[in-house]
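Thanks for making the time this morning. I would like to walk you through one structure, going from its charged pairs to its aromatic rings and then to its surface.

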Amino acid sequence: MTARLILQIAALLGALGVGIGAFGAHGLRKMLEETGRFDTFETAVRYQFYHTLALLAVGILLAMRPDIRGLSLTAWLFLGGILLFSGSLYTLCFTGIIKMGAVAPIGGLLLIAGWLRLLWAARQL
């Protein structure tokens with residue numbers, strides 16, 4: 001994955017995070033509270049933002065230091081983690097499919113792997 005693509009994906013995920021977060025806090029708050037899913041929704045948005053910022057940092061680092069090996073894999077791990085962790089929680093909130101909650105830990109493991117891969121890549125600085 002190129003630095004440009006990573007930065008574009010981070011920008012898109014950031015914009016989506018703002019939109020999804022605002023829509024949930026204002027337009028869907030009542031429904032989310034009635035179903036007891038408001039906290040789950042907030043967790044999904046929060047983790048999307050944290051890891052979008054991490055993805056942004058990886059893209060900037062790759063643009064500045066293309067010689068550092070493993071940054072592309074780091075980006076893939078963060079992206080997969082965001083999609084599986086936050087995506088499964090969003091799906092759970094909006095569909096009530098409880099089995100989607102079982103996907104979140106896989107996404108969490110990908111996020112952890114992304115941080116560990118970033119740690120490894122930072123050794124090359």
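Predicted model: local features only at pLDDT ≥ 70, side-chain atom pairs only at ≥ 80, totals over all residues.

Let me begin with D67, which forms a salt bridge with R65, the closest N and O atoms being 2.9 Å apart; by salt bridge I mean a side-chain nitrogen of Lys or Arg within 4 Å of a carboxyl oxygen of Asp or Glu. Residues are numbered from 1 along each chain as its sequence is written, and side-chain values use heavy atoms, with hydrogens and water left out.

Coming back to that pair, D67 is partly exposed at 48% relative accessibility, and R65 is also partly exposed, with a relative accessible area of 27%. The classes here are buried for under 20% relative accessible area, exposed for over 50%, and partly exposed in between, with a 1.4 Å probe and protein chains only.

By this rule the count comes to two salt bridges, and R29 with E33 forms one of them, again with 2.9 Å between the closest N and O atoms. Because R29 and E33 are four residues apart in helix α2, residues 29-34, about one helical turn separates them; helices are DSSP runs of H or I with at least four residues, numbered from the N terminus. R29 is partly exposed at 35%, and E33 is partly exposed at 44%.

Now to the rings. A pair of aromatic rings is described by the distance of the centres and the angle of the planes. Rings of Phe, Tyr and Trp (its six-membered ring) pair if their centres lie within 6.5 Å, and planes under 30 degrees apart count as stacked, over 60 as edge-to-face and the rest as tilted. How many aromatic pairs does a search of the whole structure find? The search finds five. F41 and F94 form an edge-to-face pair, 5.8 Å centre to centre with 70° between the planes, and this pair links distant parts of the chain, since F41 sits in helix α3 and F94 in helix α4 (residues 71-95), 53 residues apart. F41 is buried, with a relative accessible area of 2%, whereas F94 is partly exposed at 41%.

F78 and W115 also form an edge-to-face pair, at 5.1 Å centre to centre and 70° between the planes. F78 lies in helix α4 and W115 in helix α5 (residues 104-122), so this pair ties together parts that are 37 residues apart in sequence. F78 is buried at 0% relative accessibility, while W115 is partly exposed at 42%. Ring pairs also link F41, Y90 and F94 into a cluster.

Is H51 buried or exposed? At 6% relative accessibility, H51 counts as buried. Leaving aside residues up to four places away in sequence, H51 touches F78, I82, L111 and W115, where contact means heavy atoms within 4.5 Å.

Finally, the surface: L53, L56, I60 and M64 form a nonpolar patch there, with about 400 Å² of accessible area together. Such patches are made of residues with over 30% relative accessible area and no salt bridge, like charges being joined within 9 Å and nonpolar side chains (Val, Leu, Ile, Met, Phe, Trp, Tyr) within 5 Å; the areas come from the Shrake-Rupley method with a 1.4 Å probe, and for residues only the protein chains shown count as cover.

Technical notes:
Helix = DSSP H or I, 4+ residues; strand = E, 2+ residues; numbered from the N terminus.
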